[in-house]
Amino acid sequence: MASQPEQPSRRGVLLGTALGAAALAAGAMPRTAQAQDTGSPAPPLFDPVGAYPAPPFPPQPQPWPGLQSKMHPVPDCGEKSYTGSGRMKGRHALVTGGDSGIGRAVAIALAREGADVALNYLPQEESDAREVIALIRQSGRKAVALPGDLRDEAFCKSLVAQAASSLGALDCLINSAGRQHFHESILDLSTEELDWTLKTNIYSLVWLIKAAVPLMPPGSAIVNTTSRQAYSPSANLVDYAATKAAIANMTRSLGKQLLPKGIRVNAVAPGPFWTPLQVCGAQPEAVVEHFGAEVAYHRPGQPVEIAPVYVTLASTDSSYVAGQVWGITGGSGEPG
Ligand code: NAD
Ligand code: MG
């Protein structure tokens, strides 16, 4: 195929003209306008509704925390498809829950966008994590594996310190780890289970952010993961939904609190996504079989379909975005 003549992209021209005079007059040039066209062919258009697997899904219970390599179908985290364009070049990211599902897709995307990445996951998930580490290294980026349990405050502190020291800096924190376990009745919700959900989803978020903030230079970004459950809670996810509402709320307050330090805090609110969390106790088996049927797409999202939102929120392109929650809920129209 003949190569196309080199010409400035529309985005490059817009950035160049809009930012140039005003930013220089203000004494700061937040980003360099780059006029470039890689010359690669445009990706083909495709119908998004029919693009990925739809229910019914086969029964596939797994013991917690689950492995995505054992799922049918295996979730698509962009291993073969995500193409970067340098949006995270020179950045240093810590991704929790980076072995599988949404965190894995984000870790792969960040690396292909040019970031070095530290991954946190549970020791039981080593085989999933090894695949992600290999993919990050294949992208030419540094990958650091930091397994451990986020329910432990001392571990959260040391995780952030180790991520920063092994990457050389920390300017991006993606909080994707989460615990979801259903109980049909509040009478079945033990204090141990309640503590497990709150420690994983809320306490660790506070501990990680507390440890990260003193290390993060202005321009850094934190992206949390809430859920549609924060706004439309299911009857059997009382504790989980409450933690996700808290994360959305914390994102809004921290968005305001940390902006004067130049740190942007935002969150993503996923609808149904096909990940291991769903097949190891998050939902009754019957719900897994029809997972995603209720939304406008009539199928769950694949992690690769949400990773670009995390990249956008983390990248300096989103310099005016803070304290926001971005809903990706399968066409339901639900806001974040
Ligand atoms: P996932 O199972 O692939 O990822 C969750 C990860 O959390 C696990 O891989 C594990 O590494 C980590 N984790 C859990 N407990 C931990 C602990 N104590 N210490 C350290 N790590 C721990 O599933 P996912 O769906 O990709 O989940 C990612 C996030 O997305 C979660 O916060 C989840 O609540 C949220 N979410 C998912 C959906 C969905 O439909 N899949 C919908 C809304 C929100
Ligand atoms: Mg996992």
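Before I turn to the sheet, a word on terms: two strands are taken to pair if DSSP finds at least two bridges between them, and helices (H or I, at least four residues) and strands (E, at least two) are DSSP runs, numbered from the N terminus. Residues are numbered from 1 along each chain as its sequence is written, and chains are lettered from A and ligands numbered from 1 in the order in which they are written.

On confidence, pLDDT is the predictor's confidence in each residue, from 0 to 100, and its mean for the chain is 90, with 88% of the residues reaching 70 or more. Over residues 1–35, however, pLDDT stays under 50, and for that stretch the model has 28 contacts beyond four places in sequence, a contact being two residues whose C-beta atoms, placed from the backbone, lie within 7 Å. Where pLDDT is low, the predicted coordinates should not be read in detail.

Now to the fold. The chain's secondary structure comes to eight helices and seven strands, and seven strands form an open sheet in the order S3-S2-S1-S4-S5-S6-S7, with parallel pairing. At its edges are strand S3 (143–145) and strand S7 (325–328), each of which pairs on one side only.

Let me stay with S7 for a moment. Strand S6 (residues 264–270) runs parallel to S7 and is joined to it by four bridges; alanine 267 has valine 325 of S7 as its bridge partner, and proline 270 has isoleucine 328. In a regular strand the side chains alternate between the two faces of the sheet. In S7, Val325 and Gly327 point one way, whereas Trp326 and Ile328 point the other way, and all are buried, where buried means that 20 or more other C-beta atoms lie within 10 Å of the residue's own, exposed means 12 or fewer, and partly exposed is in between, with C-beta atoms placed from the backbone.

How much of helix H8 (residues 307–314) is covered? Six of its eight residues are buried, among them Tyr310 and Leu313, and what covers the buried residues of H8 includes H2, strand S4 (172–174), S5, S6 and S7. Over the chain as a whole, 43% of the 336 residues count as buried.

A contrasting position is lysine 210, which lies in helix H5 (residues 191–212). Lysine 210 counts as partly exposed because 13 other C-beta atoms lie within 10 Å.

Finally, the ligand. Around ligand 1 there are 29 residues, the closest being Gly97, Gly101, Gly178, Thr275 and Leu277, and a residue is near a molecule if its C-beta atom, placed from the backbone, lies within 6 Å of it. Helix H2 (residues 101–112) gives the most to this shell, with three residues. By type, the shell divides into eleven nonpolar, 13 polar and five charged residues, where Ala, Val, Leu, Ile, Met, Phe, Trp, Tyr, Cys and Pro count as nonpolar, Asp, Glu, Lys and Arg as charged, and the others, Gly among them, as polar.

Definitions and conventions
This is a predicted model: local features need pLDDT of at least 70, side-chain atom pairs count only at pLDDT 80 or more; totals for chains, interfaces and linings use all residues.
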